[in-house]
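Have a look at the structure first.

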Amino acid sequence: VFSEIDHMPGWTERDAIMEQMRPLLAVVLAAITATGQQTSEPIKVADTFVFGVSKCGTSSMFETLVMSDEICPPKDSNNEIMKLTRHYIQPWFYTRLKVEDMKAGYASCDWNQRRLDSTESYSTYATVPQNIYTLYDEHGMDKSTIRFIMVIRDPMERAYAWYNFGNGENFPGFNVTFEEKVTQELNVIRKCQNYAKSHGITDDVSVWAFCSKTFLEYDGTVVYPGSMARALKYYFRFFDPEQFLVLPLQEYHDNFPEAMERISQHLGLKNTAAFEQSHSNHGRKPYELPKMPQNLVEHFQAEYTEMAELIKKHPNTFYRVQTVFPDRS
C-alpha cells in the first residue's frame, strides 16, 4: 500500500486538470488526425466487448459466446483462441492502440462476424473507453456498431469472492483477514479521492476515473472494482447507453436460455442454438459468505443508490438486474 499519495506514479496537478479535459481532448484529437490516418481499405477490429470485474462471470460469458459461428474471438499466431485478451491487447489499459496490432488478432475472421474482446478488467480502468473511442475515431470506423456486455454481481459478495480466491491462491497482499484487506484498500481509495478533489476534480465519476490510474500501480482488486455504476457512467460519456447490455451473473446461471436470447438480440445474432453454459471456475472449493465489515457496507451504499438510478434512467440497458440492485426508493 502506498504510504504517501503524493509519491504515487503520475499523480500531479496537471494530471488532475487533464482528467477533466480528457473527453473533450479525445474528440478534438480525432477531428485533427482522422483525415491523415484514414486507410484505403476497410478496417474491422474488436466491436463486441464483454466486461465486468473479477468473479462476475466474464470468463464464462466469453466461453459461451465463442461457441457461435457468428462470433470471432482473437487468435494468436498458432490460431489458438486467446481466452482473456487483456494479455494480448493490454495497450487498451496503458496507451492508444495501433490498429495493426488489433487487425492481427482478428485476421481469420469473416467480414460479417462480430469480433469479440473480453476481460474482467475493462470496467476498472478509465483508459479503456477513451482508447476504444480514439481508435475508432482516428480510423473513421463507425462507433455505433460497437456493443458492450457487462456481467455484474452484488459488489460485497464479489469482493469476498475475489478475496477468497486471492487468499487461496496466495496472491501477494492477500495473507491478511478479509476485514484487514478491506480496510487497507478503503484507506488508499479515500486518500486518492481526497487528493483528486483537492486538485479540482469534484464530481464522483471523474474522481473514479482519476483514481482508476492508481490501480494500474496498486493491486486494489477487492473493493475498487465494485464501483460498477460509476464505471458505467464513465463509459456513457463516450458511448450511447443503448450500446450496452448489463445483466447479473445469477441470470446467466439460473435462466440461461432467456439470458442468451436477450444477448443475441443485443448483438444481432440469428442463432442461439449453439450456446451452452460454461462454468470457468467449476471445481473450486465452495465457501460461505461472512458478515460483511461495516466499513464495506457503508462504502457501497452509494453504489446501490447510483445503480438503481441508472436502471430507472436507462431501462433498455439493463436485463433483470433487480435481483442484484433492487429499487430501494
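Met-61, Thr-64 and Leu-65 in α2 meet Phe-256, Met-260, Ile-263 and Leu-267 in α11, where contact means heavy atoms within 4.5 Å. Helices here are DSSP runs (H or I, at least four residues), numbered from the N terminus. This is a predicted model: local features need pLDDT of at least 70 and side-chain atom pairs count only at pLDDT 80 or more, while totals for chains, interfaces and linings use all residues. Residues are numbered from 1 along each chain as its sequence is written, and side-chain values use heavy atoms, with hydrogens and water left out.

**α2 with α11**
- The axes of α2 (residues 58–65) and α11 (residues 256–267) come within 13 Å and cross at roughly 70 degrees; axes are lines fitted to C-alpha atoms, for helices over the stretch in contact, and angles run from 0 to 180 degrees between N-to-C directions.
- That makes α2 roughly perpendicular to α11 (65 to 115 degrees; under 35 counts as roughly parallel, over 145 as roughly antiparallel and the rest as oblique).
- Sorted by class, the contact of α2 with α11 has six nonpolar residues, one polar and no charged (Ala, Val, Leu, Ile, Met, Phe, Trp, Tyr, Cys and Pro count as nonpolar, Asp, Glu, Lys and Arg as charged, and the others, Gly among them, as polar).

**α9 and its partners**
- Helix α8 (residues 204–212) packs against α9 (residues 228–235) at about 95 degrees, with the axes 9 Å apart, so the two are roughly perpendicular.
- On the α8 side the contact uses Asp-204, Val-205, Trp-208 and Ala-209, and on the α9 side Arg-230, Ala-231, Lys-233 and Tyr-234.
- The α8 with α9 contact splits into five nonpolar, no polar and three charged residues.
- With α13 (residues 301–313), α9 packs at an angle of about 45 degrees, axes 8 Å apart, so this pair is oblique.
- Here Met-228, Ala-229, Arg-230, Leu-232 and Lys-233 of α9 touch Ala-302, Glu-303, Glu-306, Met-307 and Leu-310 of α13.
- That contact of α9 with α13 has six nonpolar, no polar and four charged residues.

**Charges over rings**
- The charged end of Lys-143 sits over the ring of Tyr-133, 4.9 Å from its centre (the rule asks for NZ of Lys or CZ of Arg within 6 Å of the ring centre and within 35 degrees of the ring normal).
- Lys-181 lies over the face of Phe-174, 4.5 Å from the ring centre.

**Confidence**
- The average pLDDT (the predictor's confidence in each residue, from 0 to 100) is 80, and 75% of the residues score at least 70.
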